[in-house]
Every structure is written in structure tokens, then in C-alpha cells.
Amino acid sequence: MAHAATSEARSWEAAPKVHPSVWGDFFINYSPEPLQVSDEKMIERANKLKGEVCGLFEACKNAVEKLDLVDALQRLGIDHHFQEQIATTLSSVHREEFNSLNLHEVALRFRLLRQHGFWVPADEFDGLKLEDGSFIDSVANDPKGLLSLYNAANLLTHNEGALEEALIFARRHLELIQSSLESPLADQVARALKIPLPRTLKRIEAVSYMQEYSVEQRYNPAILELAKLDFNLLQRLHQKELKTISQWWKDLSEDTGLEYVRDRLVECYFWAYSIYYEQEYARARMILVRLFVLTSLLDDTYDDYATLEESRDLTKAIERWDENDISFLPEYMKKFFLKVIRNFEEFEDELEPHEKYRVAYARKAFQLISKSYLQEAEWSHHKYIPSFKDHVNVSTISAGAQVMCVGSLVGMGDVATKEAFERAIGNTDAIRASGEVSRFMDDMADFKRGSNKTDVATSVECYMKEHNVTGEVALAKIGSFVDDAWKTLNQALFEKRSSPLPVLQRATNFAMSIMIIFLDQRDGYTNSKEIKETMESQFVKHIPL
């Protein structure tokens, strides 16, 4: 979430106006064009294909075939149908001895096992190195192997110098040979150099990879057909959800009349969809998107409109959470606060009796983020530049990862245990790291754009002041902190006790969504024209069958 800022005057009059929604009522009125086949026929065919693909696991003759199958299913975004088979397969691959001197195969095994929480040491690559630790010459002339090495090395944890070197080596060589590569490898390298595969959202990769998979050696027509059907069927569900949530937002914005807020409903939905796109999470997604919207409105209220006194009062009201005790709020805030309360009551209504306790955790997270927005407003009002550490302690909460992780659990099934909520509200290392990715990517974009005079100083400016360095040096340093945060997220895969898997997956998916929204130091949420094409590829354009 963006930075809080207030002055006693209404700062939004002077603040640079953000553009209106690029979507308007598009999804309220949208009727997708009918596909060649009915939904019923697609579901029937997809179920038949799932059975065929299940059989492929049995048919694999060796570890490399197993790894290829798992990788294809992941990159085509259909691995959610085969989680048990994938877990069993990777568990057997992890146990078996693996002797290969093919860089692609060694790197693929390393990446898939680490992604699924199986520890693989960095010395797996030693067979491809000379005694001095450098890679053998042939490696530099193996583009497919280099790409696999690059993606694998991006799963490094803290203090893995050998992987750090492998990453630099692979990146340098890929940049050197990039212009001489042919499609689809050239496109895959270009994508990875922007966002490495382990930091890429599955549905984003799936759209690209469906165009490329058919020319690969491992191509299987049943897998590709299932991927296309599954994408289109899920897209139909997402379009219906967008219609419902767009109507909800239209009613909410008419009732509250908050003219100063960013109208970013579809982008908020994309955020919730990034956390989970699967059908089984429909209830969870629809709760989370509303929580995202309410948090964004809260952010904009502190940031662009409320006076400092009003900001303090709003924080007090949110802390008390009593709709009968709001006489001290200005009229526009009363309307907004009552809507927040109503929506939290609706969340509760949508849960089973034994799940209703979950909403109290979401409320607590909402109260915590409101306190962080207030602290930023205080700093901004007093033109105070905090120490880098103080800034990050507050701004990683305002960056939204904690409220998202807690909120993402509210509508989930049995995996959302009390323990999972306690971990999420306790801001585990993984959630804090996800907040750091969000905060630092957002701040680099803000700094590059040139902040508006009412904004609180970004972490970039705090770093510049504290270390007496230029903007360029600070940006590079903050960029390296993003990489450090990813190491923490990678590390958490092997520390399941500190972050239960449902919490960790959501925190990682949130960080992945940030990578795409703030790619190349742009702010694709505020300037959502920048990510409209991405949204269209996910929610409007179907995959030709």
C-alpha cells in the first residue's frame, strides 16, 4: 500500500490527480463471447483429460521424465489438480540417487525440489565445476542449461555464496547470448531476466507458456489441452466474480462518496486472485478482495485527504470498533467507518459457525495497518524523516502483507487453523519479508516518480539521509534488500514450523504479485494503465482451444 500523508489542509486538492479506473463498469456489463464448446462439454472433457494426465505419472521411466512432467504442469498452471501425485513424485526423486552432468537436468531437479520444501544443497552443481569452483567451459555455451541454472539459483537462501556466484554467472552469460537466441527460448530468457521463474505468478507464466509448450521435446497434447480448458473454465468463474464485486464496489462508492480515493477495483481483484486463483478458494477470494478494497480506501484517506486530527480520530474509532461511538468523526468518515463495520459483519455471515472467530483476526490486522498509516501521517505532518530501521518497522506493516496474509485465511477451508492465524498476525519472518518486497518495490517506484510534497519520506530517502549517499546508491541498496527478502521467503520453505504452508504460500504469492505490479520501478496500482494488458490476458482474453 502507498504511503500515508496528511497536512492540516486538504492535501488532495494539491496532490497530483490519479487517473480514473481504466475499467469503469466493464465487468458489470460484460458478456464473454461464447466459446466453440459449451461449459458442460469443457468440464466433461477436462475431467477425462485429468484421468489421462494422472496416468502419465505412472508411465514416467526415470527421474528426468518425472521432473519434466511436474515442471510442465506447474508452468501451465494446472498443478493444482495433481498435488498429491506431485508430492509423491518429488519425494521419490528426492530420495533416489541422481547422477547427471546435464546442467538443465541438475538445475531443474534443484529448483523443483526446493520450491516444494525439499532441501537440496548447493553442492549439487559441483559436478559441473572445476576445482577452483568456476563452471566448466561448456556450461557457458548451453543456453537452456544457463536459463535453468538462473531460475534454480534464484531459490537461494541467506549465506549461500556459491549460489550467489552461480546467479551472477548465469545472468551475465544469458545477457551476452540473449540477442542470438531463437523463440521460444529467447522469450523465456527475456521473461526470466525481468522476473525469475520462482518469483513469477503461475497464471502469468501459464499464458506465455501455453504458446511455447507445443514446440518442446516433452510436449504432450493431453496436457496442453487440459491447460487451455482449465484456464478458460476458471476465467469464466473469475469473470462472474468480477461482475459481482464490481456491483458491490459501485454501490459502496455511491454510498460513501469518497471522491479522493483511487478507483482500482479490478486491480484489487487481481491482487486477491494472485493469492489464489483456484475454484476451491472462491469464497476466500471474494472476502479478500473486499478487505483489499477497504484497506486501499483507508490508505487513501490517511494519505490524501484526512487532516492529522481526523487521522487520529479515525484510528481511535477503528481501535474501539463501536458503531455507536463515532460522534467525534467527521461525516465522510462516519459513512466509511460504518461501511467497514458492515462488511466485516458480512464476512462473518459468510462463514460457518465454527469459523466465525476468524473475523476477529482480520479486524486486528485492519487495526494494526491503520496504526501504521497514522504513524506515517504523523511523520509526514511534522516533516520528520525517521531512521531507516524505524521507517521499515512501520512501513512493512503499511505495505499490506500482514493484513493480506491474515485476510487470505479468513475464507479458506480447514487449513486455516487457529495456529495459522496466530502465525499470520504475529508477522512471521516470511510475512515480514513479503512486506519488505512490497514496501521496497513500492518505494523505489515512488522515489523514481518523484514524491508528492505531502508524502512521508520513502525508505530510499531515509537510507540516503542516514548513510549520506546519492539516490542511485540508495536505490541499488534497496534493490538488494528486495533480494534479501526473497532469500528469507525461500528459507521459510524449509522452516515449516515457523510459517505453516498455507500462510507461507499466500505470503510468497503476495510478493510475486508485487514483482509484476511494480516491475521496472513503475507503480502499476496507482498508474493502472501500465498493467491493463496483463489484466486483459487474465480476465478478458480466452485461450483459443
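A search of the whole structure, which is a predicted model, turns up two cavities of 30 Å³ or more. A cavity here is a set of points, on a 1 Å grid over the protein atoms alone, where a 1.4 Å probe fits but cannot get out. Grid points are joined across faces, edges and corners, and a volume is the space filled by probe spheres set on the points.

Let us look at the second largest cavity, with a volume of about 50 Å³. Its lining residues (those with an atom within 4 Å of a point) are Trp249, Arg262, Asp263, Arg264, Leu265, Cys268, Val293, Ser296, Leu297 and Tyr525. Helix 11 (265-275) and helix 12 (282-304) are the elements that give two or more residues to this lining, and helix 12 gives the most, with three. Helices are DSSP runs of H or I with at least four residues, numbered from the N terminus. By class, six residues of this lining are nonpolar, one is polar and three are charged. Ala, Val, Leu, Ile, Met, Phe, Trp, Tyr, Cys and Pro count as nonpolar, Asp, Glu, Lys and Arg as charged, and the others, Gly among them, as polar.

Now turn to the largest pocket, with a volume of about 1300 Å³. A pocket is an open set with protein on both sides within 12 Å along at least five of seven lines. Of the 50 residues lining the largest pocket, Asp79, Gln83, His116, Lys202 and Gln505 are the closest to its centre. Among the elements that give two or more residues to this lining are helix 4, helix 5 and helix 9 (202-212), while helix 22 gives the most, with eight. The lining of the largest pocket has 24 nonpolar, 14 polar and twelve charged residues.

The axes of helix 4 (residues 83-95) and helix 5 (residues 103-115) come within 10 Å and cross at roughly 125°. Axes are lines fitted to C-alpha atoms over the stretch in contact, and angles run from 0 to 180 degrees between N-to-C directions. That makes helix 4 oblique to helix 5, as angles under 35 degrees count as roughly parallel, over 145 as roughly antiparallel, 65 to 115 as roughly perpendicular and the rest as oblique. Where they touch (heavy atoms within 4.5 Å), Leu90, Val93 and His94 in helix 4 meet Arg109, Leu112 and Leu113 in helix 5.

Residues are numbered from 1 along each chain as its sequence is written. Local features need pLDDT of at least 70, side-chain atom pairs count only at pLDDT 80 or more, and totals for chains, interfaces and linings use all residues, while side-chain values use heavy atoms, with hydrogens and water left out.
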